[in-house]
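Colleague: Before I use this model, I would like to know what lies behind the labels attached to it. Please take me through them.

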Amino acid sequence: MTRRLTFRDAVNEALRQEMERDPSVILLGEDIAGGAGAPGARDAWGGIFGVTKGLQPLFPGRVLDTPITESAFVGAAVGAALAGQRPVVELMFNDFMGVCFDPIVNQAAKMRYMLGGRAGVPLVIRTAFGAGFRSAAQHSQSLYALLTHVPGLKCVVPSNATDAKGLLIEAIRDDDPVVFFEHRKLYDLDAEVTEEPYTVPLGRARVVRRGGDLTVVTLGAMVAVALAAATTLAAEGIECEVIDLRTTSPLDEGRILESVHATGRLVVVDEAPPRCGIASDISAIVAERAFASLRAPIARVTAPHCPVPFSPVLEDLYLPNEDDVANAARDVVLIR
Amino acid sequence: MTTSSRQATTPSPETLLEAYRLMKTIRTFEECLSAEFAAERIPGAVHLYTGQEACAVGVCLHLSEDDCIVSTHRGHGHCIAKGMDVGGMMAEVFGRASGVCRGKGGSMHVADLDTGMLGANGIVGAGPPIACGAALAARCKGHSTVAVAFIGDGASNQGSTLESLNLACVWDLPVIFVVEDNGYAETTASSYAIGAESNAARARGFGIPAIEVDGGDFFAMDSAAAEAVARARAGGGPTLLDCKVTRYRGHFEGDAQTYRAEGEVEQARRENDCIRAFVRRVTTTELLEREQLAAIDRRVASVVEDALAAARAAPDPDPTDLMRDVYVSTLGDPK
């Protein structure tokens, strides 16, 4: 059965269904139930964005509120995964990876390789990201490129509720460490979500709009921005092929290259800063492997190389918008 | 130094023979590596456990195969004490395909999940959170197994360690923190770098029972570990063992150790060697015969010699191993 579900509820449903299916799935994180040891209500928050609400009463002993010690509980999740559990950790904001980079980058990511394939770390780290909430520099970043850089990790950046459920179930069942980036802007947006559990493979991008004039590659909350720009451009006679990456590691290079071979033009849209980012990475891959197909220089539409500002005026300036994408597309298409 | 005043039950002769075999294996293995490293036959760096043998063995003899340990960059002793195959370890240190980690980990990342050895670790302080997780997993599965985090005095100051003490206390985890204070974090004296009176005092501040132990005294280690492991198994939560040990070698092989006092190591070897102290105790109290120990010496020497010969002769990894085991699965692989 399919019905409308918000991104938040789709993630919640994926967690619940996997916990029902597999007793080794446990959840750890700050306030993921909420109110541990406090005199008031149990399950008070369900995490800061309410994503895990209602799970602790259903799964006693398997939804654990942690102290605010990311280094210890993300590291503990690695240990639990090595010892046979499938932990799903909530890292409240992806910005907080700064205090638990070691367990993610040096432990979870490396363990299988260093052990010659004799171990796996079936761990999922769910984390909120993204700008637009006047949360300033330490609660607004988009840090998936940092972790995409690290061999051994997989990175998922869903753009909608339908994908979020399938990708999360796939991530939980995956035997590798997966970091699952949830854009804060998406939590309240709904989409058609099938009630029965389903999976979306990691590493398969989705063409969300067909078009022959240029390829627009994007991810996360920028998919909606790119689609809005594509609608505007279509009225001008410019047809965009919009590709939602869904995952940055593994990256669906084949789908990107196939599209660029057909259109000859590429705009990459990412709300993270440009240096060593996803947009740069995809530009390099296309320049190396589809140079002969390119009929215009590649354009990157990204945030500028600065921290996310607090001032609403500045933050709106910071984030790429529909006009930025449309203008980049027009420039690229104008070059003959 | 405060020594554990707990009255030990003397271990059985079989246990003592096994303790001696393990301590002697560690010593012989490490001395072999020292020579091989000096002869430039080992790639990278090695950090040897020589002098600290009683600590690893005193703890690990209380563990079953299902109990987990995490270790440090100075991890060979913990591996051997936990039951890892010496041949697979030697080959690993040499970077060979036959190594226990297929030559991908080396000395500093040697691990063997089959024996509950979750890994030596190149990151100081990375182990305690992992041990907490292993202990949590045991509880989730309803097992009475425990996890042990061996750490050095250097790691005892890391945030990850202090956070883990807190987490273990909050979740009442069956985990034992074994601080091997060998006096030096690389070159820096533990007396300089540890701000607290001791790690035992720190642990008590976290609400965790702590025992100060002479880590060079196998019997003291045995007794303290027995208490800590029993508490964890019975659901009594974490314990910290604050063990004073002596590091005979440098931080790594080739370290000139100019930061140590003149004659410091020689004096420790002469007066406070943990294996010699063990032998003195078991022979003067007639718990074991000298001939029994000599037989073990011969056996250990041959095991290590065989491991060395095999490692030297073993093939290097295949070039195709470079990209192997980065992931369990990627798109297109059969799941």
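Modeller: What follows covers the domains, the chain interface and a few backbone angles.

Modeller: This is a predicted model, in which local features need pLDDT of at least 70 and side-chain atom pairs count only at pLDDT 80 or more, while totals for chains, interfaces and linings use all residues. Residues are numbered from 1 along each chain as its sequence is written, chains are lettered from A and ligands numbered from 1 in the order written, and side-chain values use heavy atoms, without hydrogens and water.

Colleague: Into which domains is chain A divided?

Modeller: Chain A has domain 1 (2-194) and domain 2 (206-334); such bounds come from an automatic or database domain assignment. The C-alpha centres of domain 1 and domain 2 of chain A are 27 Å apart. Contact, meaning heavy atoms within 4.5 Å, takes 25 residues from domain 1 of chain A and 26 residues from domain 2 of chain A.

Colleague: What area do domain 1 and domain 2 of chain A bury between them?

Modeller: About 2,000 Å², with 56% of it on carbon and sulfur atoms. Buried area is the accessible area (1.4 Å probe) that two parts lose on being put together, summed over both. R134(A), Y144(A) and V157(A) supply 29% of the area that domain 1 of chain A buries against domain 2 of chain A, more than any other three residues.

Colleague: What makes the pair D163(A) and R246(A) a salt bridge?

Modeller: The rule asks for a side-chain nitrogen of Lys or Arg within 4 Å of a carboxyl oxygen of Asp or Glu. The closest N and O atoms of D163(A) and R246(A) are 3.0 Å apart, so the pair qualifies. The rule finds 4 salt bridges across the interface of domain 1 and domain 2 of chain A.

Colleague: How many salt bridges does the rule find between chain B and chain A?

Modeller: There are 3 salt bridges across that interface. R118(A) forms a salt bridge with D112(B), where the closest N and O atoms are 2.9 Å apart.

Colleague: How is the size of an interface often given?

Modeller: It is often given as the accessible area lost when the parts come together. For chain B and chain A the buried area is about 3,500 Å², of which carbon and sulfur atoms give 62%. In chain B, Y327(B), V328(B) and L331(B) lose the most area to chain A, together 18% of what that side buries. The contact takes 40 residues from chain B and 47 residues from chain A.

Colleague: Why is C276(A) called exposed?

Modeller: Exposed means over 50% relative accessible area, buried under 20% and partly exposed in between (1.4 Å probe, protein chains only). C276(A) has 67%, so it is exposed. C276(A) also has a positive phi of about 55° although it is not a glycine.
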